Amino acid sequence: MYIPLILRSAGALALTLMAFGLGFPLAATADTPQRLSATVDGKLFESDDDGIMYLMPTKGVLNLIASTKGASAYPPPKTPVDKLSINCSNFDGKPVKFIFAKSGSRSCEISFTQGVSQKPFGEPVAEYRMVDGKNQLEITSVNGKVIEGTFSFEFMNVKTKAKMVITDGKFKAEDRQL
């Protein structure tokens, strides 16, 4: 099938490419500035708008990942980058409080990585997993694709068994999927 490609403007080119499925995907609209902060073993951990990813990939699942403030910049920071990962099931898009004194909860899996390696498949400085303790995640507000909440967790280093505590966690995040 021959289709003549005579275009008189950039708009006509874009329309033609989209008609054939070759157009670039449209970026999700970022209406809400995102933020996340917490105290990690007595030190401030902050993420910025570009370092936060909040997704609800399937109904009932919440994924919130935050990296050290500035980690998404180019060139990347020369200081180590830390990452907090929160994955919870049984989230129905409404305010809810997850409380799990026992680790290995079926509802949420939480991890914290210190010094994420900049090398492919490189080892981080330390990896922590949630342990039994005062662990809670509260979604205090849900407004469309925007959620807000608070959290606190107790962790143990996977290799050394050293304990770590995250307190005073606060966040505001937007699901920016198309």
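## Basis of the model

Local features are given at pLDDT of at least 70 and side-chain atom pairs at pLDDT 80 or more, whereas totals for chains, interfaces and linings use all residues of this predicted model. Residues are numbered from 1 along each chain as its sequence is written, and side-chain values use heavy atoms, without hydrogens and water.

## Overall fold

Along the sequence the order is α-β-β-β-β-β-β-β-β-β-β-β.

Of the 178 residues, 33% are buried (under 20% relative accessible area; exposed is over 50% and partly exposed lies in between, with a 1.4 Å probe and protein chains only). Contact is counted where heavy atoms lie within 4.5 Å. Of the contacts between residues at least 6 apart in sequence, 54% join residues at least 24 apart.

## Nonpolar core

The largest nonpolar core contains 31 residues. Such a core is a set of buried Ala, Val, Leu, Ile, Met, Phe, Trp, Tyr and Cys residues joined through side-chain atoms within 4.5 Å. Leu84, Leu137 and Phe155 have the most contacts inside this core. In soluble globular proteins, nonpolar side chains tend to be buried together.

With neighbours within four places in sequence left aside, Phe155 is in contact with residues including Leu84, Ile110, Phe112, Tyr128, Val131 and Met164. Ser111 is another of the residues that Phe155 contacts. Ser111 belongs to strand E7 and is buried, at 15% relative accessibility. Beyond four places in sequence, Ser111 also touches Lys83, Leu84, Ser85, Tyr128 and Arg129.

Strand E1 (residues 35–40) pairs with E2 in the antiparallel sense over five bridges; pairing requires at least two DSSP bridges between the strands. Ala38 stands opposite Phe45 of E2. Two residues lie between the strands of this hairpin, where Asp41 has a positive phi near 50°.

## Largest pocket

The largest pocket holds about 160 Å³ of space. On a 1 Å grid over the protein atoms alone, a pocket is an open set of points where a 1.4 Å probe fits, with protein on both sides within 12 Å along at least five of seven lines; lining residues have an atom within 4 Å of a point. Points are joined across faces, edges and corners, and the volume is the space filled by probe spheres set on them.

The lining consists of Val40, Asp41, Lys43, Leu44, Phe45, Asp82, Phe112, Gln114 and Met164. By class, five lining residues are nonpolar, one is polar and three are charged (Ala, Val, Leu, Ile, Met, Phe, Trp, Tyr, Cys and Pro are nonpolar; Asp, Glu, Lys and Arg are charged; the others, Gly among them, are polar).

## Exposed residues and positive phi

Asn90, in strand E5 (residues 81–91), has a positive phi near 60° without being a glycine. Its relative accessible area is 58%, so Asn90 is exposed. Asp168, in strand E11 (residues 163–174), is likewise not a glycine and has a positive phi of about 55°. Asp168 is exposed, at 54% relative accessibility.

Asp92 sits in the loop between E5 and strand E6 (96–99). Asp92 counts as exposed because its relative accessible area is 54%. Its C-alpha atom is 7.9 Å from that of Val61, which is 31 residues away along the chain.

Conventions. Helix = DSSP H or I, 4+ residues; strand = E, 2+ residues; numbered from the N terminus.
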